[in-house]
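Let's take a friendly walk through this chain, from the overall picture down to single residues. Please keep the structure open beside you as you read.

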Amino acid sequence: MMKVTLNDIAKLAKVSPSTVSRAITNNPKISSETREKVFKIMRELNYHPNMIARSLANRSSRIIGVIIPSLAEKAFKHPFFPEVLSGINSIAHKNKYNILIANVSSLDEEKQTLNQFALGGITEGIILLASRVNDPSVTELLRLKFPFVVIGKPENEDQVNWVDNNNFTIGYELTEHLLEQGHSKIAFLGVSSNYMVTLERLNGYKKAFCERGLPLDERLIVESKFIEDNGYDLMTELFARGVTLSGIIAGDDLLAFGALKFLNERGIKVPEDMAVAGFNNVPLANYSSPSLTSVEIHAFSLGAKAFELLLNAINSDCMGYNRTIVPAELVIRDSTLIK
């Protein structure tokens with residue numbers, strides 16, 4: 001079967017190729033009668049316009065790039081990323097935008113992808129799905145003066161469009177909850193020194209101890225490689241330090257599940273012997289045994305708000321920076337409550 005071209009459509013509709021092109025782009029100069037005639041022939045011939053060619057002609061790709069700074073298999077196994085992408089897509093779809101997702105595994109690969117997206121005419125804007133310390137991607141995008149939004153509070157928060165929860169506050173509130181339950185030896189599992197979200201939550205945890213005048217044992221803070229580590233291994237490392245503890249705050253629910261498995265294998269009862277809590281409130285948190293205390297961060301809303309901020313940046317003639325804080329809520333369940 002021969003490929004149908006725009007010229008073929010024009011001949012059958014008895015109009016010029018430029019008229020067909022204007023009909024496809026909903027140009028107001030084209031009458032509704034002519035537009036419907038063109039579309040009817042397109043449907044009959046199963047013709048689909050070349051989106052890339054149109055974007056080059058219009059200098060508008062209607063595509064936004066989403067960059068995930070992690071290995072693909074790790075990222076998409078984590079509930080946060082599909083949920084936040086769903087939020088991005090919901091608003092993108094309403095505004096007739098498409099999403100181009102890139103998983104990168106190194107800084108060099110990320111820089112190359114950024115330049116392809118920003119300078120190659122592929123995308124109109126970029127969403128970064130994580131905020132890092134001394135983030136080279138933020139520096140590069142600021143240099144390029146290309147529209148972008150970061151999910152996560154960046155270091156240079158007054159120069160960047162970003163959306164996040166108040167991670168300091170929720171770290172504080174979760175720690176306060178365990179302290180109120182009578183725990184004073186509380187471990188913080190899964191701090192990544194490169195990612196702002198974990199550092200903000202850790203600072204909230206430290207603030208709760210400071211306000212009560214309680215000593216903080218640095219051996220109770222266990223570092224990790226963001227989403228690449230698992231809670232079971234981190235618990236193994238923690239217990240090897242020979243510390244005394246009665247509560248665990250995991251930087252992520254998946255880490256908390258690993259901690260529960262570790263404790264269960266050793267006959268340590270939760271919450272009677274050890275309280276365990278996490279962040280993100282993944283669906284399985286309510287069905288684990290015991291059910292897991294967590295923090296609902298509304299990942300879908302984070303994604304939706306990120307796209308809204310990006311769309312404003314794309315369409316604005318003025319250089320300005322906006323931020324959105326999505327409220328998070330503490331969800332208390334059995335894993336921290338002694339009946």
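The expected span of a helix is 1.5 Å times one less than its number of residues. Helix α12 (residues 253-265) has 13 residues, and 18 Å is expected at 1.5 Å a residue. From the first C-alpha of α12 to the last, the reach is 19 Å, close to that expectation. Helix α7 (residues 107-119) also contains 13 residues, and its end C-alpha atoms lie 18 Å apart, which agrees with the 18 Å it should span.

## The whole chain

Please bear in mind that this is a predicted model. The protein chain has 13 helices and 12 strands. Its C-alpha trace spans about 85 × 40 × 30 Å along the principal axes.

Of the 339 residues in the chain, 47% are buried. Take the contacts between residues at least 6 apart in sequence: 70% of these join residues at least 24 apart.

Let's look at α7 first. Its buried residues are Glu110, Thr113, Leu114, Asn115, Phe117 and Ala118. The cover over them includes the strands β1 (63-68), β2 (98-103) and β3 (125-128), along with helix α8 (136-144). Just after α7, Gly121 takes a positive phi of about 75°.

How do α7 and α8 cross, and at what angle? Their axes come within 10 Å and cross at roughly 25°. Angles under 35 degrees count as roughly parallel, and α7 and α8 are therefore roughly parallel to each other. Their crossing is right-handed. On the α7 side, Leu107, Glu110, Lys111, Leu114, Asn115, Ala118 and Leu119 take part, meeting Pro136, Ser137, Glu140, Leu141 and Leu144 of α8. By type, the residues of this contact are seven nonpolar, two polar and three charged.

Leaving aside residues up to four places away in sequence, Glu110 touches Ile67, Pro69, Val104, Arg132 and Ser137.

The axes of α11 and α12 are 7 Å apart, and the two helices pack at an angle of about 55°. These helices, α11 and α12, are therefore oblique to each other, and α11 passes α12 in a right-handed crossing. In the contact, Gly231, Tyr232, Leu234, Met235, Thr236 and Phe239 of α11 meet Leu255, Gly258, Ala259, Lys261, Phe262, Leu263 and Glu265 of α12. Eight of the contact residues are nonpolar, three are polar and two are charged.

## Leu337, after β12

Our last stop is Leu337, found in the segment after β12 (329-331).

Phe80 is 257 residues from Leu337 along the chain, and the C-alpha atoms of the two are separated by 26 Å.

Key. Residues are numbered from 1 along each chain as its sequence is written. This is a predicted model: local features need pLDDT of at least 70, side-chain atom pairs count only at pLDDT 80 or more; totals for chains, interfaces and linings use all residues. Side-chain values use heavy atoms; hydrogens and water are left out. Helices (H or I, at least four residues) and strands (E, at least two) are DSSP runs, numbered from the N terminus. Buried means under 20% relative accessible area, exposed over 50%, partly exposed in between (1.4 Å probe, protein chains only). Contact means heavy atoms within 4.5 Å. Axes are lines fitted to C-alpha atoms, for helices over the stretch in contact, and angles run from 0 to 180 degrees between N-to-C directions. Angles under 35 degrees count as roughly parallel, over 145 as roughly antiparallel, 65 to 115 as roughly perpendicular and the rest as oblique. A crossing is left-handed if the near helix is turned anticlockwise from the far one by less than a right angle, and right-handed if clockwise. Ala, Val, Leu, Ile, Met, Phe, Trp, Tyr, Cys and Pro count as nonpolar, Asp, Glu, Lys and Arg as charged, and the others, Gly among them, as polar.
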